[in-house]
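User: Could you take a close look at the aromatic side chains in this model and walk me through how their rings are arranged?

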Amino acid sequence: MAAVASVSFASIAQSAHRKFSLPPSHGCLVSNFTALKLRSPRGSCNFRSRSVRTAVAVNCASAAAGTRHSHSLGFSDPPTVAETKLNFLKAYKRPIPSIYNTVLQELIVQQHLTRYKKSYQYDPVFALGFVTVYDQLMEGYPSDEDREAIFKAYVEALNEDPVQYRADAQKVEEWARSQSATTLVDFASREGEVENVLKDISERAGSKGNFSYSRFFAVGLFRLLELSNATEPTILDKLCAALNIDKKSVDRDLDVYRNLLSKLVQAKELLREYVDREKKKIEERAATQKANEAVKKLVGGVPI
């Protein structure tokens, strides 16, 4: 099956201007796709899965009215989706361009539903996955300061620590860069901080205890493979087996993620073209106005 497109973790950046937004027809950046191929400076990983039709958009209204998880993570009465979204809006009050805001709103709904499951337990691989997704979605945002402020507001709206997310993601990234395909899969036989994290995940996932699989976790796994230059398709199978994770779920969710990035690239390109056209129109109008003023001065006998 042929890959639909090739998207790199380093190739998503496109210039965007806050004051412009795409027409409504380009507001949804999520759809279906069939294959995954992500490139890194050190090589490329190509994992293919069967065609999956997965809808990412979540009905916020029905989710907000959903059942609360009364014993999740020690919360006697966890917040609803609507409350989490409201917390985010209160923490970051500036307008967010629709190309970014549409996806952010979908992600915060999904992450809320994972966050307040009874089986949820934070781990650094999940953090790496979320940080990877967020940074790719927000690459090219007009302001670095605003991008970090949005990140902080988003994570804190979920009652978690944005500093911990960044620190853990960086720690796991650094570890992965020092690994090979063999050592990455063979973490159980070695000692170390990240190795122990992976062992804990494997134990929790294998016992069906406090482990809640999510798309962010799947992206975190793939990021480990990319950073360690583990390009063989079988490595993902072996890593999933070592972690007691369902490979089919990972394939499905990597498909969803890749499609999201592909759609975002297209939307940002449309936005760039729109901004360029508007800029050109403004320059043409200014030039025409200047020429008209010059003609008026000449007709009036006033030296230029």
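Analyst: Happy to! A charge sits over a ring if NZ of Lys or CZ of Arg is within 6 Å of the ring centre and within 35 degrees of the ring normal. R115 places its charged end over the ring of Y116 in this way, 5.0 Å from the centre. The charged end of R166 likewise sits over the ring of F151, 4.2 Å from its centre.

A word on the basis: this is a predicted model, where local features need pLDDT of at least 70, side-chain atom pairs count only at pLDDT 80 or more, and totals for chains, interfaces and linings use all residues. Residues are numbered from 1 along each chain as its sequence is written, and side-chain values use heavy atoms, leaving out hydrogens and water.

Now the rings themselves. Rings of Phe, Tyr and Trp (its six-membered ring) pair if their centres lie within 6.5 Å; planes under 30 degrees apart count as stacked, over 60 as edge-to-face and the rest as tilted. That rule gives 14 aromatic pairs. In one of them, Y122 and Y165 are tilted, with 5.3 Å between centres and 55° between planes. Y122 is buried at 18% relative accessible area (buried means under 20%, exposed over 50%, partly exposed in between, with a 1.4 Å probe and protein chains only), and Y165 is buried at 0%.

F211 and F217 make an edge-to-face pair, 5.2 Å centre to centre with 85° between the planes. F211 is buried at 14%, and F217 is buried at 1%.

Finally, ring pairs join F88, Y120, Y122, F126, F130, Y134, F151, Y154, Y165 and F216 into a cluster.
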